Amino acid sequence: MPRATGTEALARLAEERVDHRFKGLPPDAEGLTVAELAAQRRNLFTGGFTTPVLALSAERLEHNLALMETYAERHGLAFAPHGKTSMAPRLFQRQIEHGAWGITLAVPHQVWVARAFGVERIFLANELVDPAALRRVADELAADPDFRFVCYVDSVRGVGLMDAALRGAARPVDVVVELAAGEGARTGVRTEAECAAVADAVAAVPTLRLVGVAGYEGEVPRADTARVTAYLRRLTALAADFDASGRFAGVDEIVVSAGGSAWFDAVADVFAGIPELSAPVLKLLRSGAYVSHDDGHYRRLTPFARVPQEGALEPAFRLWAQVVSRPSPEQAFANAGKRDAAHDLDLPEAQVVRRDGAERPADGVTVTGLSDQHAWLRTTGEADLEVGDWVGFGLSHPCTSFDKWQLIPLAEADGTVVDYIRTFF
């Protein structure tokens, strides 16, 4: 049986039945399709949703998608947002509709998800040495002439392993040499001389094609603007050196890629200075956390705080939980915990309280810890909090927020749920 097209696969998401797999949804919705439930336009607060429930703001999501689209256009950047953040094919589709060149991913499973939903351009920000995964990539390339796949190489041994797995492949796999962000950083080749050795190893095998260089400035030790800029200039200089030595002979475009969610302003500045090379340069930005932004880590680190004239991202997630215990005037407990909320970088932030249809700021309410299924709340005298109240929490780190929810309501500002976002982790 032929594989469904991306459009068909996306359409089938709406045909999935609501059942016990999906947290927070109305119990009486079981058996409905996602499309049928969405068509009911239930309200998050009065439509039978149970706590805890994570909601994504429809308006803020659209704002963030549009903002990064215009940012990339303004700075002459191609954009391949990192899909590991959401692993949500509907969001991949929205990102591509908003001008994304393709989707960045990190491991083979994520590639299979993206391919199942029709993503035609994938940048794998990792060295891929698993033989079974490489053979599947080769099969995908052979079956689909429009499929573009690029991945890292960061060692001569890695090149050898890739070549051994890809012997007989119909198309070579495009690779970029990853330049490490410094000693003690994560992956990548540590020196320019070693980068040249890896590039030469690629040139010596028929199964790979060197198309550029890449790196991740977020791993620069003790990162600040000066250190990040210095690293990015090393990366662009490496591209120019490789080009001058003829290592990109025969390619249609040269890929130079960087960009997490904390320093994309520095990437834009440095990439603007890339000199003319022997082929057009694809300046590929990979920031992914923007899609939902957050109320913690990226709120503090976003480049838009440094360049406010460019605009501002808006936090689009809110986790709703219910107060289930109020044992003392200084303490309360809500029914959301580590299974529901990102907690690897910051604890959730109590933002609003809802009671009897009215919403007010969560003054005097602070999250002090999380158990598996409970949030520990410290309450001061100004906190008006009772058992049964709904508390809306802001979250930090989108990547570890999406992965706790398989089906996320997309809600408008008044609580009307207009769609549901399916994730695949």
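## The second largest pocket

Strand E1 (53-57), helix H3 (58-74), strand E10 and strand E12 (349-355) each contribute at least two residues to the lining of the second largest pocket, where helices (H or I, at least four residues) and strands (E, at least two) are DSSP runs numbered from the N terminus. The model is predicted, so local features need pLDDT of at least 70 and side-chain atom pairs count only at pLDDT 80 or more, while totals for chains, interfaces and linings use all residues. Residues are numbered from 1 along each chain as its sequence is written, and side-chain values use heavy atoms, with hydrogens and water left out.

In total, 20 residues line this second largest pocket, and those nearest its centre are Ser57, Arg318, Trp320, Glu412 and Ala413. A pocket here is an open set of points on a 1 Å grid over the protein atoms alone, where a 1.4 Å probe fits, with protein on both sides within 12 Å along at least five of seven lines, and lining residues have an atom within 4 Å of a point.

## The largest pocket

The lining of the largest pocket consists of 28 residues, and nearest its centre lie His82, Lys84, Arg186, Tyr216 and Arg286.

## Aromatic pairs

Across the whole structure, a search finds 13 aromatic pairs, meaning rings of Phe, Tyr and Trp (its six-membered ring) with centres within 6.5 Å, called stacked if the planes are under 30 degrees apart, edge-to-face if over 60 and tilted otherwise. One of them joins Phe79 and Tyr290 in a tilted arrangement, with 5.3 Å from centre to centre and 50° between the planes. Because Phe79 belongs to strand E2 (residues 78-79) and Tyr290 to the loop between strand E9 (281-285) and helix H11 (297-301), this pair ties together parts that are 211 residues apart in sequence. Phe79 is buried, at 4% relative accessible area (buried means under 20%, exposed over 50% and partly exposed in between, with a 1.4 Å probe and protein chains only), and Tyr290 is buried at 3%.

Trp320 and Trp390 also form a tilted pair, since their ring centres are 6.2 Å apart and their planes lie at 50°. Trp320 is in strand E10 (residues 317-328) and Trp390 in strand E16 (residues 390-394), so parts that are 70 residues apart in sequence are tied together. Trp320 is buried at 3% relative accessibility, and Trp390 is buried with a relative accessible area of 12%.

Elsewhere, the charged end of Lys23 sits over the ring of Trp405, at 3.9 Å from its centre.

Notes:
A charge sits over a ring if NZ of Lys or CZ of Arg is within 6 Å of the ring centre and within 35 degrees of the ring normal.
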